[in-house]
Amino acid sequence: MYNVKDDDSFDIYQQEGIKVRLGEGLDERGQLGKKPMERAIETLKVFREIIQLNPIKSVLPIATSAVREASNKDDFLNSVSKESGFNFKVLSEREEALYSYVGAIKSLRIPDALFFDIGGGSLEIVHAERFKIRKVISLPLGSLRLTHQFDGRQGKLTDKNLKNLKRYVWSLLPNKKDLGLSNDVKLVGVGGTLRALARYEQRLSKYPLDKTHNYKISHKSLDSTVGKLSKMKSNDISKISVIGSSRSETIVAGSCVINTLMEKYDFSNLYVSNHGLREGALSIFLEDPKTYHDGNITAEQIRKTIGLDEQQRKTSPEKENFLNSLYSVNVISKRERKILDYAEKNASAKSSFSNPQSVFYSIMDEDIPLDHNDHLVLGLSLVHTKHTKTADWLFSRYKTILSQQDKASMRKISILITLRKILERTKSKVEIKLHGKKIIEFVITPSRSTQTLLLKDTLKKFEIVFDVKVILSIRPYPGSSQNSMLEL
């Protein structure tokens, strides 16, 4: 369940998931089995009662490959409607792939991507360049389907069957040349199998941050993980808390698909998204309900739903000029400018938190288009503006994945957030001039009397953090006729 805001943005209100294995046995008979259908309907009855207990305005029931491929899908959907009251929309292969792509890329903002979504019955692949869709592919390479197809029912895929599985996956995946992949393209994935693999890798490496969204998995690490899991029986895998019993039988087959995909297309890294089909379907519905119901999603609709134009408008011209000025005189790096941009958008929203740690954990709980290091620097910078000791203590908790350069960036961004806040409160315009390599002049034009002492104190800290000399020039505000130039 999602809480949808007035601007059509949303966040998760409540999340429930039950693995019913609806597609179990589908390949042998071409039909959904009686027991899987019964499990699914009983689960949907539970979901109906959950919905009745909550103030839900709209429900979007969607079905994917297992229902789409079943010859008895109409009978099943009629039973579902009659017994649970849900009327499901069966997604086409194209819809399933594109909805999932929109959900992931909306939260990651990766323009050149080879995106995949691995489910129980199918593997969806989308190739996009500069957010434009180049190719959409759906393959029968779901983790549950392959587990049954290659005889994983003994509790463990044998080495021989695993080799056959990999060979089969390799043969169905299109060639790199046919996909037209450029060197800049990044591999992005979603799906329960991938999230479980990310959590398992984090546990093995003692990763200090409890976050899988935008987590980067290397091919070398994934290959090692697949090797470990393939030697274990499903009963043993089920005891691994971050994987669990519901995914223990299928994770080896699923991880083999992902590993083979990375190997065939020569990707050294993979980016994990926590957002996919559900978020994409909801985003498209909120943007244009007719497009959602018709299923005729266009390239322009995808761009609007991802919100690329809106993203450009979110930063005010004054803030944009401030950030551009800092970057133009080499005060901050491109990376720091990006983090500062997000800090500017979050600073006012988090100002209501009285506890600095609450600010940090609230920021880190969000899924934004920053990698984990940059995301940490963002959260730490906002805390640093309120309480430097807390920021330093939090930094020490993540020192295994942060560097001294990250600490320097934290301090720089913190000072700039404070400086920007002073300028904003006094409605001042600022021009930044570079005199040589080590002298920076801030030319301030306030609309009213400015807090000169506070401004000077902040710029003294600026001098220390940035290792420069600062000249402060204050132009007259309305009602005053005096110019002043101060060397700190």
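In this predicted model, Arg411 sits in helix α22, which runs over residues 404-425. Leaving out residues up to four places away in sequence, Arg411 touches His384, Asp392 and Val465. Leu382 is 29 residues from Arg411 in sequence, yet the C-alpha atoms of the two are 9.8 Å apart in space.

Next comes helix α9, residues 192-205. Several residues of α9 are buried, among them Gly192, Leu194, Ala198, Tyr200 and Glu201.

What about the way helices pack? Two packed helices are described by the angle between their axes and by the distance between those axes. For helix α5 (residues 93-108) and helix α13 (residues 277-287), the angle is about 95° and the axes are 6 Å apart. Angles of 65 to 115 degrees count as roughly perpendicular, so α5 is roughly perpendicular to α13. On the α5 side, Glu96, Tyr99, Ser100, Val102, Gly103 and Lys106 take part in the contact. They meet Leu277, Glu279, Gly280, Ala281, Ser283 and Ile284 of α13. Sorted by class, this contact of α5 with α13 holds five nonpolar, four polar and three charged residues.

Now for the nonpolar cores. The largest nonpolar core has 95 residues, and the members that touch the most other members are Leu114, Phe116, Phe442 and Phe462. Which residues is Phe442 in contact with, once neighbours within four places in sequence are set aside? The list includes Leu419, Val430, Ile432, Leu459, Phe462, Val470, Ile471 and Leu472, along with Glu431 and Ser473. A second, separate core is made of 29 residues, including Val126, Phe285, Leu286 and Ile306.

Finally, the chain as a whole. It has 23 helices and 14 strands, and its C-alpha trace spans about 90 × 45 × 45 Å along the principal axes. Of the 488 residues in the chain, 50% are buried. Taking contacts with a separation of 6 or more, 66% of them are accounted for by residues 24 or more positions apart.

How values were computed. Residues numbered from 1 in each chain as written. Predicted model: local features only at pLDDT ≥ 70, side-chain atom pairs only at ≥ 80, totals over all residues. Heavy atoms only, no water. Helix = DSSP H or I, 4+ residues; strand = E, 2+ residues; numbered from the N terminus. Contact = heavy atoms within 4.5 Å. Buried < 20%, exposed > 50% of the residue type's maximum accessible area, 1.4 Å probe, protein only. Core = buried A, V, L, I, M, F, W, Y, C linked by side-chain atoms within 4.5 Å. Axes fitted to C-alpha atoms, helices over the stretch in contact; angles between N-to-C directions. Parallel < 35°, antiparallel > 145°, perpendicular 65-115°, else oblique. Nonpolar A, V, L, I, M, F, W, Y, C, P; charged D, E, K, R; others polar.
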